[in-house]
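Please keep the sequence and coordinates in view while reading.

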2 protein chains.
Amino acid sequence: MATETSAPETSVPEAAAPGTYVQPTIDVPALTALLDGRYADVRQLVRTNLVDYASILEEAETLSQAEFRERVKEVVVEMAATGQTGMGFPEQYGGGGDIGASLAAFETLAFGDLSVLVKVGVQFGLFGGAILQLGTQRHHDAYLADLVTGSVMGCFAMTETGHGSNVQALGTVATYDAASQEFVITTTRDDASKDYIGNAAQHAELAVVFAQLEVAGESHGVHAFVVPIRVDGEPAPGVRIADDGLKMGLNGVDNGKLWFDGVRVPRTALLNRFADVTPEGVYESAIDNPNRRFFTMLGTLVQGRVCVGGAGINAAKVALTIAVRYALRRRQFEATSDDEEELLLDYGQHQRRLFPLLARTYALHFAQEVVAAQCHDVFSGAVSDEKVRRELESRAAGTKALGTWHATRAIQESREACGGAGYLAVNRFAALKADTDVFTTFEGDNTVLLQLVAKGLLTDYSSEFEDLDQFGMVRFVASLAVDTVIERTSVHKLLERVRDLMPGGDDWDQEAGLLDPAYQLAMLRYREEHMLAGVARRLKRGIDQDMNPGTVFSQVQDHVIAAARAHVERLVLEAFVEKTAALPDGDLKVALNLLCDLHALCTIEADRAWFMEHGRLTVQRSKSISREINELCRKIRPLAREYVDGFGVPEAMLRSPELI
Amino acid sequence: MATETSAPETSVPEAAAPGTYVQPTIDVPALTALLDGRYADVRQLVRTNLVDYASILEEAETLSQAEFRERVKEVVVEMAATGQTGMGFPEQYGGGGDIGASLAAFETLAFGDLSVLVKVGVQFGLFGGAILQLGTQRHHDAYLADLVTGSVMGCFAMTETGHGSNVQALGTVATYDAASQEFVITTTRDDASKDYIGNAAQHAELAVVFAQLEVAGESHGVHAFVVPIRVDGEPAPGVRIADDGLKMGLNGVDNGKLWFDGVRVPRTALLNRFADVTPEGVYESAIDNPNRRFFTMLGTLVQGRVCVGGAGINAAKVALTIAVRYALRRRQFEATSDDEEELLLDYGQHQRRLFPLLARTYALHFAQEVVAAQCHDVFSGAVSDEKVRRELESRAAGTKALGTWHATRAIQESREACGGAGYLAVNRFAALKADTDVFTTFEGDNTVLLQLVAKGLLTDYSSEFEDLDQFGMVRFVASLAVDTVIERTSVHKLLERVRDLMPGGDDWDQEAGLLDPAYQLAMLRYREEHMLAGVARRLKRGIDQDMNPGTVFSQVQDHVIAAARAHVERLVLEAFVEKTAALPDGDLKVALNLLCDLHALCTIEADRAWFMEHGRLTVQRSKSISREINELCRKIRPLAREYVDGFGVPEAMLRSPELI
């Protein structure tokens, strides 16, 4: 992709003074061990499984859609038998009892065929996760052991044709019939059919169905129910199922539509961790506010977003490994020698295309490590603070958005960097592109997710935060005095940190070394703080001018999203900086610092207009950043192979016989 | 895609003063007529054919690869019978005798299935074009009539496994055997197999094979030969053929590999317009310099690039039509009303995602119109000046690069803007994405094409221009004094134009109205001029410092490419400005000016850092530009449907039953 119109003018740099930089040697296994982290053994198990089932990459092309779906199911069930897919479930039901392990396993699975990944996600993450998190012991006893082995397959029926992002407005209704002590589930409108539901078209016997609960004529918002949708392979009575047919990718997953025509399920089918209906028809919940109740339920499903973000980042690793290795083999045009054509990776432009993406992949990897660890702590009960939970949801949303957009971009650039050969299906880009494309929109549309991030920041993750719709958020912010806005937002704390970091006052950032991580972080913190405060002021001004809150929001929306992105970018860089800072001195640290610097400076460079507009960057310094980036690229060049080998993508998963 | 990290802070604008802007009414047929231009009837014929064969869009999914290839061939041959595909061939061979008509027909065909498009391109553009442009009457008489009807199918065997961009280094050799008066064609190396050749795997009987010509032990560079590769459906003796198999997209085209094991063809098989070998084995050519001879041959094939650029732009139209119409139907979240959810297109961010792409599509459309008209003039003999021909080649290269990158980006953004529904194959994005992906690399890798553009600018399209490799270009530039560099480059003329345009001196551009096209163009011209001069200076400095020319080039390469891009961006905006300026006053002019302004300001905004760095934009003015863009988006919003309807994409080609 090429959206930058120009590179700034930089001069041919002088040779570095001798002695200032000694090229490190990268110990690839040590690098892989660092990336694999705490769950190295889990990741190794998955790698072994991926290699054992490597034929699936070919089968994705050679089998018919129907056959491929069956094959993917088979592989998923066989992988389940190795324990790989059930790590997040309690041990008494055959699981591994370790959320972090489960996330690591899922991420690593993204090196392979992504239909397998998504089928695993549907069965164990979405369906299994809903039973585990929204259900109570009766549901656990009834379903977990069987779903962990894959002997019972299920689906997660939330999205409807008409509502994907705004799931509070779902049109499926579950009415309690006290006489029979049953819920009656009905698709009430044309656009209320459940849609795009993985596992629904073919394999699921059960569905967790999200529907508006009505008890005694009163609506209590969206709740989840376990509904049998298929009996002996045929749709259950009252259930209609349609196949969503071919998709751009992920054709090993059987997505489908579901309609419910007054389907009756027992009272106990309600997943009743957060709310219940008594046999007599009295609705009970410990959470009074219906919005909050709903978002509490949704919040328990955050693992899905953590998983998709991690999967995107790992898919990008596959693409970049291929592109870098190809560029170390492919020669085209004589350039520095009359006798031999030049390696692609020795072209400055090629380095500029690939290395910032490589550095960003590392940055996102470490950011993902942080969010996965937090997710583990929250769901393992090590942390029970509500606010921490909300911060996790926000961080998961942001990392998912940036991780999946990065995947789309890195895979596209890698494909183009491999030319026409990259277009053949025998190489992996076709599948990678097609399969990952939907990552930016499923498990939360990225744009909507960034709005969620912004909302959290603007309300400082207050308890009201999740209840607020767009109206509510605008009104909430507007209801405060401007100073209070700053006080009430996360901006406040940021400002203090930025002041700490800019010891010499406002000019410090114009003097500090470009490669000083304190400088790099201070820049990103300043941007975040400034944008958030700006959004708050604009929202407030709009309301003060008596504008419709929705109109205000629409006009400020690009700013809202930019602020959220700035926030997540800061978190990502922080994760990378902290990781490298904690390393013992040595070659590995030097090598990772190169990537960390490249990532930081590219992030600043990409938005250097903003920094100049806001007095944080002089023209001269802006040009120095671009020069330094080119210099970093030249230092990274001799280490490129080791950086991608460090990802530890199994050779069989690269599947690019003509490229590497 | 999301590469911009932030939007600048803009304040909520005041309502426009009444009377300053009256919303125009768009007469859609008139807009379509304007876009269709001179060849409206040709475009109408193609639209009719597309609708007649609309079932191909489904067949791309439902048929097996083998069946689909046959079906695509069938459709191509049937379309040929309508005259649609042969418009560029002389009338005496059954063609239409009108290059411009041929280009218009091809572009319009890109509304439909792109395997059909590419098969047409291979047969009539590449294969037919090579026979027509590189051959002489004996080849025309032998082949043209049959290839125009499709009763003889051929392929264009230039690219090899090892060489796609650097085709002067091809490894296939054609040795003249004076005894038998035959050429012996041989694949000399492993990586010299012809590869990715459309029509080769299945349908082609003939190939135009590019090979190093050797006569009496002397090599004369790459020449083209007509070689039968298939007889009665079986590979001809000495020819081995392999299938390239499944590809990411375009699976209705049978790409394959070819190896030649001493295949003998008669002396007359040499396409001898520019060079010949006498029966006795004497090599003769009117062009002495072998590089120049080769590039003269290649230059005659420029129509292929013009075609691909136009096709990319039209494919983007299809995607944007769907995305805009979906956003005018899809509602999500209550925003301005408590009772009804908001249309996606009423969200500011959604406008920011789609409208700049819409405006750019219009801009590229008109830029393509210019390059197609120039192509028509050059190839119809209306212009015979060599320099004009070289400028056309450069312009075609640049427009192809920007047009196809735009297609990739617009299709991706449009898909994401349609959420998960956009992922179903029944909607068009799957095919659009997969099929167009290779456009950025085939018919010239976009990055390599931009280098070609830069080379032309730096050498002012001098006669040496095309001979120069990277070494040569660097040395050429370096051999001149700096002033001479400026003098000898196109920069010189640009500088004069910029001065004309900035009547008040350097400050004029800080005072002029943002919506003044003279201002907008002056900005882009200034950038182009400055970048080119900078590249020239850096190349020269590197050589003066005794650096290896290749190393100098590698380090300056991003700057070289940025300069080329800046040049093409200026041409694109110029085409749009000139088109709208020529319109009679009225609503259509007002409506197109909105898009033209949006395109111009978005182009400046995307590179506002550069303009600030180079003193052409103050911080304040940079922020005004972003504000003005948001304001333009709001003016465009009520006209969005008409803008996309104006493209005239047949309803059947939109094929998005759930979306529009």
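Which residues of helix 5 of chain A are buried? They are I99(A), G100(A), A101(A), S102(A), L103(A), A104(A), A105(A), F106(A), E107(A), T108(A) and L109(A). Helix 5 covers residues 99–109 of chain A, and 11 of its 11 residues are buried. A residue counts as buried if 20 or more other C-beta atoms lie within 10 Å of its own, as exposed if 12 or fewer do, and as partly exposed in between, with C-beta atoms placed from the backbone. The packing partners of these buried residues are helix 2 (40–52), helix 6 (114–134), helix 9 (303–327) and helix 10 (348–379) of chain A.

The model is predicted: local features need pLDDT of at least 70 and side-chain atom pairs count only at pLDDT 80 or more, while totals for chains, interfaces and linings use all residues. Residues are numbered from 1 along each chain as its sequence is written, and chains are lettered from A and ligands numbered from 1 in the order in which they are written.

The secondary structure of chain A comprises 24 helices and 14 strands; helices (H or I, at least four residues) and strands (E, at least two) are DSSP runs numbered from the N terminus. Chain A has a radius of gyration of 26 Å, close to the 26 Å that the globule rule gives for 660 residues, so it is as compact as a globular protein of that length. The radius is taken over C-alpha atoms, and the rule is 2.2 Å times the number of residues to the power 0.38. Of the 660 residues of chain A, 58% are buried.

The domain assignment, automatic or from a database, divides chain A into domain 1 (28–149), domain 2 (154–290) and domain 3 (303–645). Between domain 1 and domain 2 of chain A, the C-alpha centres are 25 Å apart. Here 23 residues of domain 1 are in contact with 20 residues of domain 2, contact meaning that the C-beta atoms of two residues, placed from the backbone, lie within 7 Å. On the domain 1 side, helix 6 of chain A gives the most, with 12 residues.

Beyond chain A, the contact between the chains takes 90 residues from chain B and 90 residues from chain A. Helix 19 (residues 549–581) of chain B supplies the largest share of the chain B side, 14 residues.
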